[in-house]
Every structure is written in structure tokens, then in C-alpha cells.
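Here is a short report for a reader who is new to this structure. Keep the sequence and the model in view while reading.

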Amino acid sequence: MDHYKVLGLTKSASKEEIKQAFRKLAMEFHPDKHAHSSNQLKENATFKFKQVSEAYEILIDDRKRADYNIKCNNSEYYNQRNQYYYQNGYRNTYGYGYGYGYSRGGGGSASIVNKFEMVLRFMTTRAFLLNAALAGVLLGATYVIDAGGEALWKMQNSGKSFEEAMESVEKAKAFDDKR
């Protein structure tokens, strides 16, 4: 499904044009407007409304729109995605038609490129970057604490290693046990 064709737009459409096209088509195909129509007409209008809603949802969001444009340029990906959704009867739980995501299946270089894109997008998300920063801070703090502990040990016990100190503690315990 071409989201631009669904809304009757070109790829260079502005956000305002997308909003206007969506409002016009949403009013035309809204299920409440067809509540008293025949079942066939009602089902067709509901299906078209879901398509229009999905197209609007993707094209109005800059990130989703850029992702959609990249994927549509890769016709192999687009064909695999449609084939996967139609074969498996996929419907998302939000009521917006066929959903949105990466395809499963296929092979070759296009599949590797798509997987690389997916990993790259994941690694540049805000949540991933925040988690990576937190992990870096924790590792850095662990190193600082460990280095500080070693420095403190050397200040208090000059000339002794930790192992030597433990041996002397064991000897002292053994000596106390003999008494």
C-alpha cells in the first residue's frame, strides 16, 4: 500500500497538505457516517478509513515518514513486507490496518542492509544511548572505587600485599585459637 496514493499526495507534500487530505478523506470514509449503509459499503468504508488513518499516522511523523520513504525505495523490502503480511494475515491491535515494522524472511544483500539499518536505528535511539551512558558511568565508578581502594590499602599497609596481609590475619587467628 502506497501511503501517498491513499491520501492522493506526492512525496513532496507538506505536513499541512497531509493534514488537509487526511481530514477530507476521514470525513468521507468515517465509519459513523456509514452506520446506516449496507454491510458491504460499511466494510469498504471502514477498510478505507483504516488505510487513510495508517497513511496519516506514518506520513505526519517525520521519523516514520523518512523510514517509510527509505523502505519504499527498496522495492525488494516492500514486496517482502506485503507478502509477509498477506500470507500471515497480520493485523495490529491498534485498529489501523496492516501495521508497521520490519519484514521477516528474505535473504541476500537487501536483507543484510535492512538488518544493519534496524541495528543502527536501535543503537541511535534515546533509550539505548541513555542506557549505554549509564553503563559507562557505572563501569567508570567501579574503576574509580577499585583504584581508590588499592590506593587506600597501600597508604595504610605499606610494603604488604593483600595476600600477605591475609596470611598474617590467618596466623593471628591460629595463634589465638591455640591459647
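This is a predicted model: local features need pLDDT of at least 70, side-chain atom pairs count only at pLDDT 80 or more; totals for chains, interfaces and linings use all residues.

Met1 is partly exposed, with a relative accessible area of 22%. Buried would require a value under 20%. Met1 sits in the segment before α1.

## The chain as a whole

What does the secondary structure come to? The chain has eight helices and zero strands. Read from the N terminus, the order is α-α-α-α-α-α-α-α. The chain holds 179 residues, and 24% of them are buried. The accessible surface is about 13,000 Å². Carbon and sulfur atoms account for 59% of that surface.

Contacts across the sequence deserve a look too. Take the contacts between residues at least 6 apart in sequence: 57% of these join residues at least 24 apart.

## His3 in helix α1

Helix α1 covers residues 3-7, and His3 belongs to it. Is His3 buried or exposed? His3 has 1% relative accessibility, so the residue counts as buried. Which residues does His3 touch, leaving out those up to four places away in sequence? They are Glu54, Ala55, Ile58, Leu59 and Tyr68.

Helix α3 spans 39-60 and α4 spans 62-73.

## Helix α2 and its two sides

Helix α2 runs over residues 15-29. From its first C-alpha to its last, this helix of 15 residues reaches 21 Å. That is close to the 21 Å expected at 1.5 Å a residue.

Which residues of α2 are buried? They are Ile18, Ala21, Phe22, Leu25, Ala26 and Phe29. Seen down the helix axis, the buried residues of α2 fall within an arc of 130°, so they line one face. They pack against α1, α3 and α4.

The face turned away from the buried side looks otherwise. Arg23, Lys24 and Met27 are there, and they are exposed.

## Salt bridges

Some background comes first. Side chains of opposite charge can pair when their charged atoms come close. How many salt bridges does a search of the whole structure find? The search finds four.

| Pair | Closest N and O atoms |
|---|---|
| Asp62 and Lys15 | 3.5 Å |
| Lys71 and Asp67 | 2.9 Å |
| Asp67 and Arg121 | 3.3 Å |

Take Asp62 and Lys15, which form a salt bridge. Asp62 lies in helix α4 and Lys15 in helix α2, so the pair ties together parts that are 47 residues apart in sequence. How accessible are the partners? Asp62 is exposed, with a relative accessible area of 52%. Lys15 counts as partly exposed, at 38% relative accessibility.

Now turn to Lys71 and Asp67. Both residues are in helix α4, four residues apart, so about one helical turn separates them. Lys71 is buried, and Asp67 is buried as well. For Asp67 the relative accessible area is 7%.

Asp67 also forms a salt bridge with Arg121. Why does this pair tie together parts that are 54 residues apart in sequence? Because Asp67 lies in helix α4, while Arg121 lies in helix α6. Arg121 has 25% relative accessibility and therefore counts as partly exposed.

These contacts join up. Asp67, Lys71 and Arg121 are linked in a network of salt bridges.

Helix α6 covers residues 108-123, and Met123 is part of it. Met123 is partly exposed, with a relative accessible area of 40%.

## Points to revisit in the model

Go back to the buried face of α2, where an arc of 130° holds the buried residues. Then find Asp67, which pairs with Lys71 and with Arg121.

Technical notes
Residues are numbered from 1 along each chain as its sequence is written. Side-chain values use heavy atoms; hydrogens and water are left out. Buried means under 20% relative accessible area, exposed over 50%, partly exposed in between (1.4 Å probe, protein chains only). Contact means heavy atoms within 4.5 Å. The expected span of a helix is 1.5 Å times one less than its number of residues. The arc is that of the directions from the helix axis to the C-beta atoms. A salt bridge is a side-chain nitrogen of Lys or Arg within 4 Å of a carboxyl oxygen of Asp or Glu. Accessible areas come from the Shrake-Rupley method with a 1.4 Å probe; for residues, only the protein chains shown count as cover.
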